[in-house]
Amino acid sequence: MIAFVSSSLSVLVVHSILPLIMVANGYNPGYSNLYGSKPFEISEHVVRLRIEAIKVELGKMQQAYQNMAQPDMTPRDQASYDFIIVGGGTAGAALASRLSDIAASILLIEAGDEETPFMDVPLEAINSEKGNTKEYLSEPTDRYCLSMTNRQCRVKKARVMGGSSVTNWMVATRGHRDDYDEWARMGNTGWSYKEVLPYFRKLENMNIPSIRLDRTYHRRKGPMEISYSPFQTPLSIAFLRSMEDLGYPRVDYNGRDMVGFSRVQATMLDGSRISSNKAYLYSESRQNLFVSKNSIVKKVLINKKTKEATGVRFTKNEKVFTVYARKEVILCAGAIGSAQLLMLSGVGPTEDLKKLDIDVIQDLPVGYSLQDHVAFIGSTYVVKEPIGILFSDLDNLSYPYSADYYMYRKGPLTVPGGAEVIGFVNVDDVYNTQTLPNIEYLFFPLTIYNLRETMRDLGVNENLLFAFEDIKRNYTYSILTMLAKPGSRGRLRLKANDINVAPLIDPNYLATQEDIRILTKGVENAITFTKLSLLKQFGAELYQTPLPNCAQYTFNSPTYLHCAINHMTLGMGHYTGTCRMGPEKDYTAVVNPQLQVYGIEKLRVIDGSIMPVIPRGHLTLPTLMIAEKGADMIKERWGYPVDPHR
Ligand SMILES: Cc1cc2nc3c(=O)[nH]c(=O)nc-3n(C[C@H](O)[C@H](O)[C@H](O)COP(=O)(O)OP(=O)(O)OC[C@H]3O[C@@H](n4cnc5c(N)ncnc54)[C@H](O)[C@@H]3O)c2cc1C
Ligand SMILES: *[C@@H]1O[C@H](CO)[C@@H](O)[C@H](O)[C@H]1NC(C)=O
């Protein structure tokens with residue numbers, strides 16, 4: 001029996017490895033599937049075997065996850081700890097790990113439960129329900145998300161250990177050096193690029209051989225694994241070469257220069273997602289670190305007279321607990337959660353809090369300065385060969401794709417969030433590598449319109465989905481165009497004096513003419529990519545069916561694109577700015593450059609909400625950098641040694 005199984009497995013290996021080598025050597029027209037020209041052998045027997053193997057592998061993974069995770073612990077009511085960290089997400093997991101290096105007791109409180117192996121399938125990032133999610137809707141306007149139900153953009157956030165680093169697309173970007181120099185120019189002492197670079201190096205274990213040699217920018221010893229996916233579609237190989245032919249340089253966008261194109265560096269290892277929870281907390285349990293999961297913090301307790309944070313109140317299993325912090329309470333609940341908690345605790349805009357009968361302790365502009373990246377996802381290209389990703393192929397066990405993932409962490413399921421190539425350009429000066437990029441491109445070997453679930457998650461209405469009905473089974477690719485440095489700012493407000501009621505989110509996308517101009521120009525520029533391109537050999541053609549609500553305009557004219565952007569808007573979920581960092585004189589600031597909440601003692605915010613201006617790119621690495629730097633600030637404050645370079 002064993003010999004039989006292993007020989008069948010070797011059939012699978014031959015299937016998956018050989019064509020991979022062919023792919024690595026280039027793209028040869030005549031593909032019959034993602035792996036090459038050799039058709040897959042389809043037999044019921046192999047399918048059954050695959051199902052069994054996947055089941056066994058999943059069981060093993062589940063067990064391994066359980067063994068490595070921090071155990072759940074319920075604190076005693078009224079217990080005291082040195083530090084209380086609220087939120088075990090991207091920043092919170094990193095901070096808890098770094099703080100537990102010192103001789104102090106730490107309680108980490110997280111609303112969600114542990115991750116499961118399904119959450120770590122890279123491609124499924126954009127396609128799956130992840131346990132305990134919370135949906136946030138934007139306020140309706142006439143400027144964006146017009147093809148979504150009720151004209152509301154929606155974002156789902158998972159409550160889980162690791163937070164958004166468990167559900168995001170895994171695209172690992174630091175931002176441009178000028179993003180941090182800008183923070184410093186605004187008066188945020190200590191946050192210039194030169195000062196944050198050691199923390200970007202400290203947090204990473206760079207697995208990409210050609211990049212890790214660059215020791216100025218990269219390092220091998222940090223907890224967060226950064227790698228390329230082990231798989232590339234023939235389409236993305238062709239796309240990347242086309243971009244070089246067009247004159248865009250190939251870059252390590254996390255190194256010296258950002259402008260150019262590259263494969264996506266991703267927060268993953270050996271074909272699987274690495275969340276901050278895995279990177280920082282999957283280790284032997286630490287004597288001084290206590291983690292309470294499935295626990296929702298309702299309020300930070302602040303002494304009204306001394307204006308000192310003393311602890312927090314949370315609910316777990318329908319019971320209410322009060323716990324106290326001897327040294328500090330640190331909010332790591334994310335741009336939505338931390339702002340919400342501050343306001344519920346009496347720290348926020350006086351007028352708004354009063355309306356909800358919240359006792360005001362400190363008047364601060366919490367929730368103002370909200371920023372997010374906004375993108376357009378409507379540019380779709382159809383190809384004539386079976387070399388893109390179709391979810392129906394992945395689900396079809398006659399194909400080896402699923403088994404290749406679960407058994408070898410190989411194949412198309414290892415593509416991070418579906419994004420294979422990333423580029424940064426300044427659309428006003430496209431080939432100049434020394435300018436500041438204002439557009440990010442992401443190349444997907446698929447059309448998100450195939451992803452009905454994702455589309456429904458985003459609230460896309462049926463009318464719009466129908467426009468893509470006739471290419472449902474075609475192989476496609478699409479280019480996402482994202483405004484890298486939006487000027488618009490929105491606002492987050494409480495809707496009720498209750499942690500379980502989602503706040504009002506007004507992302508205020510595309511509020512400036514300049515934002516609209518740049519995004520439109522970026523989309524126009526993307527359309528030129530296919531003209532000269534190697535993709536032609538695969539028969540790539542722009543899909544010309546207009547969005548139903550924009551059909552009155554000439555397809556792809558500036559007026560059409562403007563309309564399309566208003567309808568098919570994608571908010572990236574990169575919320576930031578709600579607890580903005582700034583110097584004392586800055587009336588928009590909620591925390592100081594030491595991340596301490598103005599006017600309140602012993603209370604910090606350390607997560608994605610403090611960014612004074614949104615950096616170019618995606619926010620996981622910037623958030624981890626903030627957590628690493630914040631950990632050192634706390635250690636310094638309490639007299640422990642720190643060394644950003646270790
Ligand atoms: C769909 C999507 C795709 C993305 N793609 C990318 C990408 O490809 N690359 C990238 O770099 N970035 C991406 N991002 C953004 C990035 O993941 C986030 O900006 C970043 O992870 C935020 O980290 P954080 O620590 O601030 O918050 P989070 O990681 O969200 O952590 C907050 C934690 O606090 C917990 N919490 C909240 N409220 C409470 C409470 N009251 N009590 C207890 N616990 C609470 C939550 O459960 C959560 O675990 C994406 C975001 C989204 C939504
Ligand atoms: C989609 O695929 C079908 C079947 O292969 C083909 O007939 C059709 O022309 C394709 N659609 C486009 C827009 O290329």
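In the predicted model, a backbone N or O atom of Ala111 lies 3.2 Å from a nitrogen atom of ligand 1. Oxygen atoms of the ligand are also approached by side chains: one lies 2.6 Å from a polar side-chain atom of Thr90, and an N or O atom in the side chain of Asn168 is 3.0 Å from an oxygen atom of ligand 1. On its own, ligand 1 exposes 1,000 Å², of which the protein buries 93%. The shell around this ligand comprises 32 residues, and the closest of these are Thr90, Glu110, Ser164, Val171 and Thr620. By residue class, the shell holds 15 nonpolar, 14 polar and three charged residues. Four elements each supply at least two residues of the shell, namely α3, β11 (295-303), α9 (334-344) and α17 (620-637). Strand β11 provides the largest share, three residues.

Helix α3 spans residues 90-99, and ten of its ten residues are buried, so the helix is largely enclosed by the rest of the structure. Thr90, whose side chain has a polar atom 2.6 Å from an oxygen atom of ligand 1, is one of the buried residues of α3. The buried set also includes Gly92, Ser97 and Arg98, together with Ala91, Ala93, Ala94, Leu95, Ala96 and Leu99.

Ligand 2 is surrounded by Val382, Ile471 and Asn474. The side chain of Asn474 places an N or O atom 2.3 Å from an oxygen atom of ligand 2. The corresponding values for ligand 1 are 1,000 Å² and 93%.

The volume of the second largest cavity is about 130 Å³. Its lining consists of 14 residues, and those closest to the centre of the cavity are Gly378, Ser379, Phe555, Asn556 and Tyr560. Two or more lining residues come from each of β16 (374-383) and α16 (558-567). The largest share, four residues, is contributed by β16. In composition, the lining of the second largest cavity has nine nonpolar residues, five polar residues and no charged ones. By contrast, three charged residues are counted in the shell around ligand 1.

Arg491 is located in strand β20, which covers residues 491-493. Arg491 counts as buried because its relative accessibility, 13%, falls under the 20% cut-off. The side chain of this arginine takes part in a polar contact of 2.5 Å with the side chain of Asp352. A further polar contact, of 3.3 Å, links the side chains of Arg491 and Tyr368.

Ile106 lies in strand β2 (residues 106-109). With a relative accessible area of 0%, Ile106 is buried. The separation between Ile106 and Asp393 is 287 residues in sequence and 47 Å in space, taken from C-alpha to C-alpha.

Backbone geometry was also considered. Most residues other than glycine have a negative phi. Asn317 is not a glycine, yet has a positive phi of about 50°. Asn317 is situated in the loop between β12 (308-316) and β13 (319-331). The relative accessible area of Asn317 is 63%, over the 50% cut-off, and the residue is therefore classed as exposed. Lys602, likewise a residue other than glycine, has a positive phi near 60°. The loop that contains Lys602 runs between β23 (569-571) and β24 (603-605). At 23% relative accessibility, Lys602 counts as partly exposed, whereas Asn317 is exposed.

Note on methods:
Residues are numbered from 1 along each chain as its sequence is written. Chains are lettered from A and ligands numbered from 1 in the order in which they are written. This is a predicted model: local features need pLDDT of at least 70, side-chain atom pairs count only at pLDDT 80 or more; totals for chains, interfaces and linings use all residues. Side-chain values use heavy atoms; hydrogens and water are left out. A residue is near a molecule or strand if one of its heavy atoms lies within 4 Å of it. A polar contact is a pair of N or O atoms within 3.5 Å; within protein, one must be able to donate a hydrogen and the other to accept it, and residues adjacent in sequence count only if both atoms are side-chain atoms. On a 1 Å grid over the protein atoms alone, a cavity is a set of points where a 1.4 Å probe fits but cannot get out, and a pocket is an open set with protein on both sides within 12 Å along at least five of seven lines; lining residues have an atom within 4 Å of a point. Grid points are joined across faces, edges and corners, and a volume is the space filled by probe spheres set on the points. Ala, Val, Leu, Ile, Met, Phe, Trp, Tyr, Cys and Pro count as nonpolar, Asp, Glu, Lys and Arg as charged, and the others, Gly among them, as polar. Buried means under 20% relative accessible area, exposed over 50%, partly exposed in between (1.4 Å probe, protein chains only). Accessible areas come from the Shrake-Rupley method with a 1.4 Å probe; for residues, only the protein chains shown count as cover.
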